[in-house]
Amino acid sequence: SAGVWKVSYFFDKKDETSNYSSYSFDFGANGSLSTTNGSQTWSGTWLTGYDDSANKFLIDFTGTVPSALSELEEDWRIISIEDNSMHFEHTSGGNGDTDVLKFTKI
């Protein structure tokens with residue numbers, strides 16, 4: 001969904017939302033992704049697909065990125081995509097923990 005977004009909630013064994021307070025995410029209509037923390041910018045791609053009987057949202061960054069961004073590089077299961085909010089979840093194959101990622105449009 002095109003527009004600029006922020007991470008409004010990120011849970012990976014614990015609430016890590018504060019790690020994303022400085023980042024904004026620009027999801028381009030063409031599948032491009034640009035993320036900035038105000039001083040640096042990282043580029044990547046996003047796409048949607050269908051895999052493992054679920055609709056997925058895939059985030060992939062180019063090159064080396066901060067750990068907070070690399071944690072977003074998953075095939076997220078789409079829970080909901082609305083005009084101003086997106087809700088994704090990812091269950092790891094190893095221990096079965098479920099990560100939760102929510103974006104809100106700025």
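Me: How are the helices and strands of this predicted model defined and numbered?
Reply: Strands are DSSP runs of E with at least two residues, and helices are runs of H or I with at least four. Both are numbered from the N terminus.

Me: In which loop is the place of Ser53?
Reply: Strand β4 covers 41-51 and strand β5 covers 54-61. The place of Ser53 is in the loop between β4 and β5.

Me: Is Ser53 buried or exposed?
Reply: A residue counts as exposed when its relative accessible area is over 50%. Ser53 has 66% relative accessibility, so Ser53 counts as exposed.

Me: What distance separates the C-alpha atoms of Ser53 and Arg77?
Reply: Ser53 and Arg77 are 24 residues apart along the chain. Their C-alpha atoms are separated by 9.8 Å.

Me: Which residues have the most contacts inside the largest nonpolar core?
Reply: The largest nonpolar core has 22 residues. At least two of its residues come from each of β1 (3-11), β2 (24-27), β4, β5, α1 (67-70), β7 (85-91) and β8 (98-105). Those with the most contacts inside this core are Phe25, Phe27, Ile59, Leu101 and Phe103.

Me: How many aromatic pairs does a search of the whole structure find, and which residues form one aromatic cluster?
Reply: The search of the whole structure finds 13 aromatic pairs. One aromatic cluster is formed by Phe10, Tyr20, Tyr23, Phe25, Phe27, Trp42, Trp46, Phe57, Trp76, Phe88 and Phe103.

Me: Why is the pair of Phe27 and Trp46 edge-to-face?
Reply: Planes over 60 degrees apart count as edge-to-face. The ring centres of Phe27 and Trp46 lie 6.2 Å apart and the planes stand at 85 degrees, so this pair is edge-to-face. Phe27 in strand β2 and Trp46 in strand β4 are 19 residues apart, and the pair links distant parts of the chain. Phe27 counts as buried at 1% relative accessibility, and Trp46 is buried at 14%.

Me: How many residues apart in sequence are the parts that the pair of Phe27 and Phe103 ties together?
Reply: The rings of Phe27 and Phe103 have centres 5.3 Å apart and planes at 90 degrees, so the pair is edge-to-face. Phe103 is buried, with a relative accessible area of 1%. Because Phe27 lies in strand β2 and Phe103 in strand β8, the parts tied together are 76 residues apart.

Me: Which residues is Ser24 in contact with, leaving aside its neighbours within four places in sequence?
Reply: The place of Ser24 is in strand β2. Ser24 is buried, with a relative accessible area of 19%. Leaving aside those neighbours within four places, Ser24 is in contact with Val4, Trp5, Ser34, Thr35, Thr36 and Ile106.

Note on methods. Residues numbered from 1 in each chain as written. Predicted model: local features only at pLDDT ≥ 70, side-chain atom pairs only at ≥ 80, totals over all residues. Heavy atoms only, no water. Buried < 20%, exposed > 50% of the residue type's maximum accessible area, 1.4 Å probe, protein only. Core = buried A, V, L, I, M, F, W, Y, C linked by side-chain atoms within 4.5 Å. Phe/Tyr/Trp six-rings, centres within 6.5 Å; stacked < 30°, edge-to-face > 60°. Contact = heavy atoms within 4.5 Å.
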